[in-house]
Number of protein chains: 2
Amino acid sequence: MRENRTRFILLGMLELGPSHGYGLRQRIDESVGQFWQESWGQLYPTLRSLLSEGLIEEVEPGEEGTDMPRGRQSRVYCITDAGRAALAEWLAGDATPSVKRDELLLRTFFAHNGDPASLRRNIEASRDRVRLALARVEASQRMIAASETYLDRLDWWAMTARHGELQLRAHLQWCDEALALLDGGGER
Amino acid sequence: MRENRTRFILLGMLELGPSHGYGLRQRIDESVGQFWQESWGQLYPTLRSLLSEGLIEEVEPGEEGTDMPRGRQSRVYCITDAGRAALAEWLAGDATPSVKRDELLLRTFFAHNGDPASLRRNIEASRDRVRLALARVEASQRMIAASETYLDRLDWWAMTARHGELQLRAHLQWCDEALALLDGGGER
DNA sequence: CGACACATGTAAATGGTTACATGATTTT
DNA sequence: AAAATCATGTAACCATTTACATGTGTCG
């Protein structure tokens with residue numbers, strides 16, 4: 001929490017090419033959506049402050065376009081050298097360890113106080129969500145493998161996808177084990 | 001975010017036996033600390049509001065003591081029937097899917113803009129933290145296996161520990177793969 | 001006697017989501 | 001003509017952390 005990472009996601013996404021607020025959020029969802037997300041309430045104000053700090057600048061829509069808006073009213077931004085420097089500086093620093101919060105595990109821990117059917121429902125819902133997420137990760141892995149652009153970034157991107165794959169598979173295995181336990185001795 | 005889970009953790013922990021603020025935080029750290037944590041700024045005010053809602057009540061220190069304070073000034077709480085009902089009601093509902101935020105992966109995704117040595121340092125730091133966490137999980141698994149109390153809760157507790165084990169092992173494997181990639185073709 | 005763990009709280013700041021408000025363009 | 005998507009933003013609210021403030025008991 002102590003550092004505002006939204007700034008650096010936006011800088012990193014703009015480093016891939018100029019875009020506008022709405023388009024940046026799409027990029028975020030498609031690329032790092034499995035392990036990060038941004039809301040409008042964060043995105044637009046942060047774009048403004050990056051602009052006022054000179055880390056990004058506004059360009060005319062239509063210029064050298066990588067990701068131009070289809071509608072009319074929109075503001076297209078581009079990263080500046082100062083922005084690139086700020087991004088590099090952030091990357092040179094230490095990551096703050098991620099705070100883990102897992103409500104499903106909390107419910108599992110306290111399951112004694114509720115009924116097994118509710119826990120089962122929640123685990124099944126989680127399993128279904130994670131199966132979808134795994135399908136998305138696998139799709140993204142195929143896209144990375146087939147990509148002919150951004151070649152010098154693909155190794156890193158594949159690494160993040162691989163993390164998702166391992167993490168999600170581990171969770172699926174847990175769901176299976178947990179549901180088996182609920183089926184077996186769980187009723188007592 | 002929409003639901004204040006702190007309330008239910010405190011209720012769940014008090015269901016194990018009466019305790020005081022400081023002791024509750026210790027219980028939380030020792031039991032669900034791998035996937036949940038509470039700060040003082042959340043804990044004490046929440047205890048107050050649970051008290052005013054009648055979900056917990058204050059008892060004299062020294063009564064039927066499971067977890068009594070060693071120092072002097074302290075307030076010991078006990079869950080009420082209303083509190084047990086509130087906990088059960090929460091458990092009957094649906095879990096809100098956990099929001100995932102992983103700064104290490106963000107740094108990996110944008111690694112192209114920084115230097116490989118910094119990424120390596122961050123991955124190694126994460127691996128070291130996770131090794132420690134895994135050791136704690138394994139210790140907690142041994143404690144659960146050897147426990148002769150709370151028998152009807154042990155299955156659930158073991159399940160949460162198993163989740164930690166699977167998740168942390170998956171992360172360790174990723175760290176190894178990522179470091180190998182950094183050693184190998186990573187320099188180009 | 002100094003450091004550290006025990007113990008309880010409050011206040012301010014931050015980070016983040018959600019709902020609101022508005023309107024254009026595309027698709028059905 | 002309606003619905004969905006594209007597009008930009010603001011305001012209110014909520015959750016959470018961090019720093020502050022205070023004091024006791026224990027151990028070396």
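A residue is called buried here when its relative accessible area is under 20%, exposed when the value is over 50%, and partly exposed in between, using a 1.4 Å probe and protein chains only. By that criterion S118(B) is buried, as its relative accessibility is 4%. The structure is a predicted model, in which local features need pLDDT of at least 70 and side-chain atom pairs count only at pLDDT 80 or more, while totals for chains, interfaces and linings use all residues. Residues are numbered from 1 along each chain as its sequence is written, chains are lettered from A and ligands numbered from 1 in the order in which they are written, and side-chain values rest on heavy atoms, with hydrogens and water left out.

Chain A is superposed on chain B by a rotation of 180 degrees with 0.0 Å of shift along its axis, giving an RMSD of 0.0 Å; the superposition is by least squares on the C-alpha atoms of residues with pLDDT of at least 70 in both copies. The two copies are thus related as by a two-fold rotation axis. Of the interface residues of chain A, 100% are also interface residues in chain B, so the copies meet through the same surface.

S118(B) belongs to helix 6 (residues 116-146) of chain B, where helices (H or I, at least four residues) and strands (E, at least two) are DSSP runs numbered from the N terminus. Leaving aside residues up to four places away in sequence, S118(B) touches L91(A) and A92(A), contact meaning heavy atoms within 4.5 Å. Its side chain also makes a polar contact of 2.6 Å with the side chain of D115(B). A polar contact is a pair of N or O atoms within 3.5 Å; within protein, one must be able to donate a hydrogen and the other to accept it, and residues adjacent in sequence count only if both atoms are side-chain atoms.

W156(B) lies in helix 7 (residues 154-183) of chain B and is buried, with a relative accessible area of 9%. Not counting residues up to four places away in sequence, W156(B) touches T108(A), F109(A), A111(A), H112(A), L119(A) and L182(A).

Turning to the sheets, chain A has an open sheet of three strands in the order 1-3-2, with antiparallel pairing; two strands pair if DSSP finds at least two bridges between them. Strand 1 (19-20) and strand 2 (56-59) of chain A stand at the edges with a single partner strand each, so one side of each is left without a neighbour in the sheet. Strand 1 and strand 3 (residues 76-79) of chain A pair over two bridges, and H20(A) stands opposite V76(A). Helix 3 (residues 40-52) of chain A packs on this sheet, touching strand 2 and strand 3, with its direction at about 100 degrees to that of strand 2. Axes are lines fitted to C-alpha atoms, for helices over the stretch in contact, and angles run from 0 to 180 degrees between N-to-C directions.

In chain B, three strands likewise form an open antiparallel sheet in the order 1-3-2. Helix 1 (residues 6-15) of chain B lies across strand 1, strand 2 and strand 3 of chain B, at about 90 degrees to strand 3.
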